[in-house]
Amino acid sequence: MDENELVRRLVSIGWRGSRAVRLGPGDDAAFLRGGLVLSTDLAVEGVHFRLDWVSAEEAGFRAGAAALSDLAAMGAVPEALLVSLAVPGDPSLAEALQRGVRNAGDRVGVAIIGGDLSRSPGPAVVDVVAAGRARTVVTRGAAEVGQGVWVSGSLGGAAAAVAAWLAGREPHRRARERFAAPPDRVPLGVALAADGLACAMIDVSDGLVADARRVAAASGVMIRIATDAVPVDAGAGDLNLALEGGEDYELMFTAPAGTESRIRALGQEMAVTLTRIGRVEEGTGVVLEDDRGRHPVRSRGGYDHFAPPDTGGIP
């Protein structure tokens with residue numbers, strides 16, 4: 001059973017509908033009546049980070065940034081964070097993790113308003129709930145045929161850092177930075193939503209191909225990606241890492257025809273590179289296009305927590 005199937009089973013157990021909820025499971029965050037947007041993100045030592053790779057404060061920062069990235073993908077303005085920690089007996093570890101999450105909150109101007117604490121026999125666990133607000137949200141399910149597919153920033157740097165550590169090498173400075181300090185795309189996500197430029201949007205956390213597949217499935221379309229247009233991070237230098245590596249926390253979105261100049265102007269205003277990498281077409285799934293033609297992606301194309309252990313990811 002893969003991660004997507006397990007998520008579907010868990011949703012079928014837990015979700016029974018609610019009049020208080022405008023958008024339930026299946027997207028980057030839930031959207032409640034009254035405009036509240038809620039997301040939670042779990043970081044487990046040995047799965048999402050290792051303390052011989054990054055400091056505890058950096059691990060906390062990553063956890064906070066990941067939760068806030070979900071709000072960015074919905075176009076929601078963050079309002080508060082809740083942090084739950086499970087750590088072994090050393091209290092300094094909990095304090096350092098909390099400082100890291102606080103720093104991620106400070107970057108977008110929100111505070112930690114509460115949480116929970118437990119002792120763990122190991123590993124350390126950080127769970128961050130991000131609360132935000134929006135009048136309407138951008139979902140994964142509104143991509144339509146003819147729209148362009150765009151991505152912010154560059155991809156593959158974080159995965160390159162993980163690959164280097166697993167090989168016993170120190171990663172490129174740029175790659176390590178991309179892993180330890182994910183970018184803040186909240187202002188971009190809010191602006192794309194407010195200006196009506198993003199029709200469907202997702203944060204790239206499990207890999208460009210895997211997350212593009214989620215948008216395609218939710219929207220009932222096919223997404224074609226031109227591989228020569230994908231912005232590969234300088235710390236990666238590997239297209240496969242940019243396509244499948246994950247942990248980038250950039251935004252992928254679809255936009256209507258005729259909006260290219262407005263999107264590029266927004267990118268310049270916010271000092272964020274925005275790259276058109278493909279197009280929404282009729283069909284299903286994701287197709288990669290290069291100088292040899294089109295290649296439907298039949299593998300999962302990204303990180304899966306429940307894939308067999310020899311298929312990649314952080315051990």
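**Figure 1. Helix H2 in the predicted model.** Helix H2, which spans residues 56–74, contains 19 residues and reaches 28 Å from its first C-alpha to its last, close to the 27 Å expected at 1.5 Å a residue; the expected span is 1.5 Å times one less than the number of residues. Helices (H or I, at least four residues) and strands (E, at least two) are DSSP runs, numbered from the N terminus. H2 is mostly covered, with 17 of its 19 residues buried, where buried stands for under 20% relative accessible area, exposed for over 50%, and partly exposed for values in between (1.4 Å probe, protein chains only). Gly-75, with a positive phi near 75 degrees, follows the helix. The model is predicted, so that local features need pLDDT of at least 70 and side-chain atom pairs count only at pLDDT 80 or more, while totals for chains, interfaces and linings use all residues. Residues are numbered from 1 along each chain as its sequence is written, and side-chain values use heavy atoms, with hydrogens and water left out.

**Figure 2. The cis peptide bond between Gly-122 and Pro-123****.** Gly-122 and Pro-123 are joined by a cis peptide bond with an omega of about 5 degrees, and Pro-123 lies in the loop between E5 and E6. Most residues other than glycine have a negative phi, and most peptide bonds are trans.

Figure 3. A cavity is a set of points, on a 1 Å grid over the protein atoms alone, where a 1.4 Å probe fits but cannot get out, and lining residues have an atom within 4 Å of a point; grid points are joined across faces, edges and corners, and a volume is the space filled by probe spheres set on the points. Among the lining residues are Ala-65, Leu-68, Ser-69, Ala-72, Ala-104, Arg-107 and Val-108, together with Pro-183, Asp-184, Arg-185 and Val-186. H2 and helix H3 (91–108) are the elements that give two or more residues to this lining, and the largest share, 4 residues, comes from H2.

**Figure 4. Strand E10 and its two partners.** Strand E10 (residues 250–255) is largely enclosed by the rest of the structure, because 6 of its 6 residues are buried. Both of its faces are covered, with Glu-250, Met-252 and Thr-254 buried on one side and Leu-251, Phe-253 and Ala-255 buried on the other. Strand E7 (residues 148–152) pairs with E10 in the antiparallel sense over 4 bridges, and Val-151 stands opposite Met-252. Strand E8 (residues 200–204) also runs antiparallel to E10, to which 5 bridges join it, and Val-204 has Glu-250 as its bridge partner. In the loop between H8 and E10 is Glu-247, a residue other than glycine whose phi is positive, near 65 degrees; Glu-247 has a relative accessible area of 13% and therefore counts as buried.

**Figure 5. Strand E12 between E9 and E13.** Strands E9 (residues 222–226) and E12 (residues 285–290) run parallel and are joined by 5 bridges, with Val-287 in E12 as the bridge partner of Arg-224. E12 also pairs with strand E13 (residues 293–296), in the antiparallel sense and over 4 bridges, and Leu-288 stands opposite His-295. A hairpin through 2 residues joins E12 to E13.

Key: 1 Å grid on protein atoms, 1.4 Å probe; cavity = no way out; pocket = protein on both sides within 12 Å on 5 of 7 lines; lining within 4 Å. Pairing = 2+ DSSP bridges.
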